[in-house]
There are 2 protein chains.
Amino acid sequence: MSDLASKVLKGDPRSVARLISFAENNSSELADEMRVIHKHSGKAYVVGVTGVMGSGKSTLIFELARAYRKQGKKVGIIAIDPTSPFSGGALLGDRVRMTDLTMDDGVFIRSMGTRGMLGGLASAVYDAVEILDASGKDVVIIETVGVGQAEVDVVKIADTTLVVLVPGLGDSIQTIKAGIMEIADVFVVNKADRSGVEQVTAELESLIDISCIGKNRKIPIIKTTAKENKGINDLVDEIEKHKNYLKKTKVFESQRRKRYEAELVEIIRKRLMNFIFDESTFKEKVESMIDQISKKELDPYTAADEILGGILK
Amino acid sequence: MSDLASKVLKGDPRSVARLISFAENNSSELADEMRVIHKHSGKAYVVGVTGVMGSGKSTLIFELARAYRKQGKKVGIIAIDPTSPFSGGALLGDRVRMTDLTMDDGVFIRSMGTRGMLGGLASAVYDAVEILDASGKDVVIIETVGVGQAEVDVVKIADTTLVVLVPGLGDSIQTIKAGIMEIADVFVVNKADRSGVEQVTAELESLIDISCIGKNRKIPIIKTTAKENKGINDLVDEIEKHKNYLKKTKVFESQRRKRYEAELVEIIRKRLMNFIFDESTFKEKVESMIDQISKKELDPYTAADEILGGILK
């Protein structure tokens, strides 16, 4: 076993950080390390937290992490939202509050970029989850802005996904209608001290009533005021309940299978794209084809056929 | 030439709709049609409009389309935001206003889903742009929620990208910092009748001052109140100015080249993924590998190597 992987398995934070960087940069050393890591992962419970900006996701995650720490659990946090305080993108006040967590040995926080990766974000995040898992974290929390497809892709590997809403953001319910509904395991109405909380809850309830017809489980709604640490214990309980539900119904196994499928798909995607667009043999040919396409001497579909014909058996 | 492609080139809306559906469903007939379409595309000017929910993007696009119609230009609109009124996802009042456009022969509106496509959204949208272009539209407007990576991917093929902000949405500036800055050609501060418009403009200006150091062009800010049709002509002028700038500096050609590169990349990506995950010969092998990965008998990196070894020359 490599030195790096074995240090990760012992929970060394610098090694964890280094291996996640390998994943982000798609380093040539990544695969060999991940082959080792994979055998030792699968123990951590993965919680996805998604919601629009301004919904207070980060504060919620902050309090959630503190609650898990009180239970003696080790926590990993992966922030994909670039405006998250975990990513250093937020107001100073928020960042100062976070210090409480960043000083704690039992917590590992990592912010991951969303740009400049040729479709490689999902794969890097999946690797990061495996790495934190294998390093001994009991809970891994993934934070993401829940509107784009890439974000949904990332959250779909979570065991439990929280969708965070707030009163007064008129569009929030519409977003849910549009697709987030399917990924929500628990709804969190945060900033529940604000006016409009009853309205958003009622709207959510009627949505849940419609979408949960014929299903075994009704999506619960938890009200929180994360800033005042209110409702956090209820939320922790609800996540635990969902976990028990997953285990009892064996949905847990099928979800995990989907996670590994998503991992495999993303690794293959990443490798193929690297093969075609990074290998110098192809790069030249691809460049000249793009020139021809620009001049309308060639169309992209015919070009794609030619390239694929050249690499596929 | 196929019947369908020739009808598209004549501007027949039903044929345009049908061919876009082929793109969405990744139909086997798509490639042959697109080979024809490609030769006839490249004339339309492509405007990307991105901004968070609640920024009034759709109303802005509605007024922008009306302004172009007054100039006698034909307009295509592709709405990727599932909450857009163009997608039927909005309030009734908004949808009623849209009727004005939907009844106009010179306007083609298409809403495109963001889910259930294995990384195929970008490719389908690129095809839709080519199809509308070849069908004789002078301007093609792409509407997208500007936060996720998939959305940024989609907008990057636009000639001019508008980033829409509103006063009072505290997080909007932060989003820009995080990445949208690089794709913005023009900033639009919509709902400029609201209080806070000076603050958001000032914040934007200082951001622009920093990010445009050493660049030939400073990103302009246009204030609009789309609901009252205010500032729309200024916006049309600014898009025209940007177009002239692109043409004068030859950036236009290099941007278009990037667009065709993005198209090619997405077609290849789509075809490879189909090849591996839809072809029945592979499907079985992939399924059994995922089982092994779940049981930790195999790791996804080794599995990916095996699959790729089986298909690559």
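Strand 5 (residues 160–165) and strand 6 of chain B run parallel and are joined by 4 bridges; two strands pair if DSSP finds at least two bridges between them. Helices (H or I, at least four residues) and strands (E, at least two) are DSSP runs, numbered from the N terminus. This is a predicted model, in which local features need pLDDT of at least 70, side-chain atom pairs count only at pLDDT 80 or more, and totals for chains, interfaces and linings use all residues. Residues are numbered from 1 along each chain as its sequence is written, while chains are lettered from A and ligands numbered from 1 in the order in which they are written.

Strand 6 of chain B also pairs with strand 7 (residues 221–223) of chain B, in the parallel sense, over 3 bridges. Two residue pairs illustrate these pairings.

| Residue in strand 6 of chain B | Opposite residue |

Between strands 6 and 7 of chain B the chain passes through helix 9 (residues 197–211), a right-handed β-α-β crossover; that is, with the strands pointing away from the viewer, the path from the first strand over the helix to the second runs clockwise.

B:V186 and B:V188 point one way from strand 6 of chain B, B:F187 and B:V189 the other way, and all are buried (20 or more other C-beta atoms within 10 Å of the residue's own, C-beta atoms being placed from the backbone). In chain A, buried residues make up 50% of the 313 residues.

Key
A residue is buried if 20 or more other C-beta atoms lie within 10 Å of its own, exposed if 12 or fewer, and partly exposed in between; C-beta atoms are placed from the backbone.
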